Structures are given as structure tokens and as C-alpha cells.
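Subject: Structure handover

Hi,

Here is the structure I promised to pass on. My notes follow below it.

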Amino acid sequence: MNDQLVVYSSKSGFTRRYAEWIAEELQCEAIPLSNLQSAMVGAAKTIVYGGPIHAGWVVGLKKFLKREDRKKNQNVFVFAVGLSPSNSADIERCHKANLNDSNRKIPWFYFMGGLDIDKLKGIEKLIMKMVLRAEAKTKRKEALKAGKPVEQIAGYPILDYCDRAAIKPLLEAIKAAA
Ligand SMILES: Cc1cc2nc3c(=O)[nH]c(=O)nc-3n(C[C@H](O)[C@H](O)[C@H](O)COP(=O)(O)O)c2cc1C
């Protein structure tokens, strides 16, 4: 029996894609955090948790780490998915804020995800529409100032930076710990 498990939260599918790639490589299951049952947690020797970053916080991570059914001798790995560049100070800050104190030693990985407004709902959709509109407005102002033609873009672009090769260091770390 494979005693590895991938658990994830995902609002628009990018983290799910990484979770499924990792599970495929490990030949184990990828389960949404909302469907995670204690028996699965109890049977796993290694759990990989992944979630999207929202305003600097990895969605679902606190909830996952607080679970009382987690065993002390389990190997836990965390991956975060966001839109910031991998080497940005934001990601370093996010790492420090999300894995502090007793969780500091949990191995952390960051992968670039994407943005698909139509797959978001409620307040998250609204926030991202506002962010994109503000960015477009700044670009238009800059273009006008520079005497360049102003681009008129209809709708919202779909961004996709997912890269299967990015999971390699995580897979190697899991292998090394096994
Ligand atoms: C409300 C909201 C806040 C976000 N905040 C951040 C952030 O602080 N840093 C970042 O890098 N990406 C941020 N993002 C981008 C998401 O992390 C990115 O779109 C991710 O790929 C979404 O993954 P998912 O499809 O699994 O939900 C934010 C997205 C939303 C909707």
C-alpha cells in the first residue's frame, strides 16, 4: 500500500493541477482538504499539503496543520501556489509567516500558478477583477504619458504559469526523506 498522500485546497484549479501531478509521480491519491478523513491521515507516513496563496496566506494550511489526527512521526511537506515570481521577497515573507515556530522545519516549496477570473467566485472574483482593472488603468496612463497607442483589452486574460518540471525538487526531497 502506498503510504503517501497529497492534500490540497484550490479555488480555480491551478493548485489541484500541481497536486495531481505530484500524486501521479508518487503513485498516490490527491485529496481536497474538504474531503480528508481521519483514517486517511492516520494511514499516511508522508503527507504533502498544497494551497494557493491569498493575501500572503496559504489557503487551508493552518486548518491542516491544526488537525489533531496528524501523527508526530509523519513527514509533512508544504507547497504554495501563487502569482508572485519564485524569487520575490513576498514569497520569502509568505514562507516565514505561514510556517513559524513549531512548523518552521516543515519543508516548503513554491510553484507559480495562474489566474482564471471565470473560475473564481464571490469576493475573490471581485478582488481580482479590481486588481486587474487597476493594473490596466495604470498601463493606459503610462501609455498615454509616453505617447504610445493605448491598448483596449476586452475581458480578462487567463494567465497560466504552471510548470510540471517545478515539482522536481519536492519529489527529490520526499524521496530523500523516505
Ligand atoms: C483573492 C486572491 C488573493 C491572492 N493573493 C495572492 C498573493 O498574496 N500572492 C500571490 O503570489 N498570489 C496571490 N493570488 C494568486 C493566486 O495564488 C493564484 O491565482 C493561484 O494560482 C490560484 O490557485 P488555485 O487555482 O489553486 O486557487 C491571489 C489570488 C486571489 C484570488
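How many nonpolar, polar and charged residues does the shell around the ligand have? By class, the shell has ten nonpolar, ten polar and three charged residues. Here Ala, Val, Leu, Ile, Met, Phe, Trp, Tyr, Cys and Pro count as nonpolar, Asp, Glu, Lys and Arg as charged, and the others, Gly among them, as polar.

Ground rules. This is a predicted model: local features need pLDDT of at least 70, side-chain atom pairs count only at pLDDT 80 or more, and totals for chains, interfaces and linings use all residues. Numbering starts from 1 along each chain as its sequence is written.

Ligand site. The ligand is surrounded by 23 residues, and the closest are K11, T15, P52, G82 and G113. Elements that give two or more residues to this shell are α1 (14-26), β3 (46-54), β5 (75-82), β7 (114-115) and α5 (122-145). Helices (H or I, at least four residues) and strands (E, at least two) are DSSP runs, numbered from the N terminus. The ligand lies between domain 1 (4-114 + 160-177) and domain 2 (117-157), because both give residues to the shell. Those bounds come from an automatic or database domain assignment.

Overall fold. The chain has six helices and eight strands. From the N terminus on, the order is β-α-β-α-β-β-α-β-α-β-β-α-β-α. The C-alpha trace spans about 65 × 30 × 30 Å along its principal axes. Of the 178 residues, 25% are buried. Buried means that 20 or more other C-beta atoms, placed from the backbone, lie within 10 Å of the residue's own.

Core. The largest nonpolar core holds 33 residues. Such a core is a set of buried Ala, Val, Leu, Ile, Met, Phe, Trp, Tyr and Cys residues joined through C-beta atoms within 7 Å. V6, V7, Y18, I22, F79 and A80 touch the most other members. α1 gives the most to this core, with seven residues. I22 touches V6, V48, I167 and L170, leaving aside residues up to four places away in sequence. Touching means C-beta atoms, placed from the backbone, within 7 Å.

Strand β1. Five of the five residues of β1 are buried, so the strand is largely enclosed by the rest of the structure. Q4, V6 and Y8 point one way, L5 and V7 the other. β1 pairs with β3 in the parallel sense over five bridges; pairing needs at least two DSSP bridges between the strands. Q4 stands opposite T46 in β3. β1 also pairs in the parallel sense with β2 (residues 29-32), over four bridges. There, L5 has E29 as its bridge partner.

Best wishes

Key: A residue is near a molecule or strand if its C-beta atom, placed from the backbone, lies within 6 Å of it. A residue is buried if 20 or more other C-beta atoms lie within 10 Å of its own, exposed if 12 or fewer, and partly exposed in between; C-beta atoms are placed from the backbone. Two residues are in contact if their C-beta atoms, placed from the backbone, lie within 7 Å.
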